[in-house]
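Here is a brief report on selected local features of one model. Please view the sequence and structure first.

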Amino acid sequence: MVRIARFEKVSARRFVEDWITTFPQQTVEQALLAYEHIKLPHRATAGSAGYDFFAPVGFELPAGGSIKIPTGVRALIEEGWVLTLYPRSGLGFKYRFQLDNSVGVIDSDYARSDNEGHIFLRMTNDSREGKGLRVPAGTAFAQGIFLPFGITLDDDVQTVRNGGLGSTTKA
């Protein structure tokens, strides 16, 4: 095994700001309580490839319902590696629970962005059987897998990231 990354919580200030923006009906106190209960991703077994991401609070999604979740987590990743994000296999199989962007991609330079590299997951219960999904607080609902990647021989990109979704295509 190659050790190439470390998970840590974003600052409480960053989390509270992002939490209140995502859930405007929540109070600062509720956001701080969610922050205190954040569990850093970890593998369930020595043979697991995926690092489980845990729900900072419980949530329920009816069939067709979506939710955007500020995880409170950032990943410090060595250059040449990427963190890919997926729903937990069992939830995907039972509920068609899926990431809205199919696969999340966290680049190694994301943690240095102004938003501290705060990882958000937007997920949908796409159940075709009308099954509602309940995820209690502290339950694993997504997983991340670190993968190496390569670049082309003529690649000479010098652009520096500052932001999340779509930030690398903004001039």
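## Arg14 and helix 1

Arg14 sits in helix 1 (residues 12-22). Helices here are DSSP runs of H or I with at least four residues, strands are E runs of at least two, and both are numbered from the N terminus. The model is predicted: local features need pLDDT of at least 70, side-chain atom pairs count only at pLDDT 80 or more, and totals for chains, interfaces and linings use all residues. Residues are numbered from 1 along each chain as its sequence is written, and side-chain values use heavy atoms, without hydrogens and water.

Arg14 is buried, at 9% relative accessible area. Buried means under 20%, exposed over 50%, partly exposed in between (1.4 Å probe, protein chains only). Its side chain makes a polar contact of 3.0 Å with that of Glu17. Such a contact is a pair of N or O atoms within 3.5 Å; within protein, one must be able to donate a hydrogen and the other to accept it, and residues adjacent in sequence count only if both atoms are side-chain atoms.

## Packing

Leaving aside residues up to four places away in sequence, Arg14 touches Asp114, Asn115, Glu116 and His118. Contact means heavy atoms within 4.5 Å. Helix 1 also has Phe15, Val16, Asp18, Trp19 and Thr22 buried. The buried residues of this helix pack against helix 2 (28-36), strand 4 (66-70) and strand 9 (120-125).

## Positive phi

Most residues other than glycine have a negative phi. Arg96 has a phi near 60 degrees. Arg96 lies in the loop between helix 3 (89-95) and strand 7 (97-99), and is partly exposed at 35%.

Ser102 has a positive phi of about 70 degrees. Ser102 is in the loop between strand 7 and strand 8 (104-107). Ser102 is exposed, at 58% relative accessible area.
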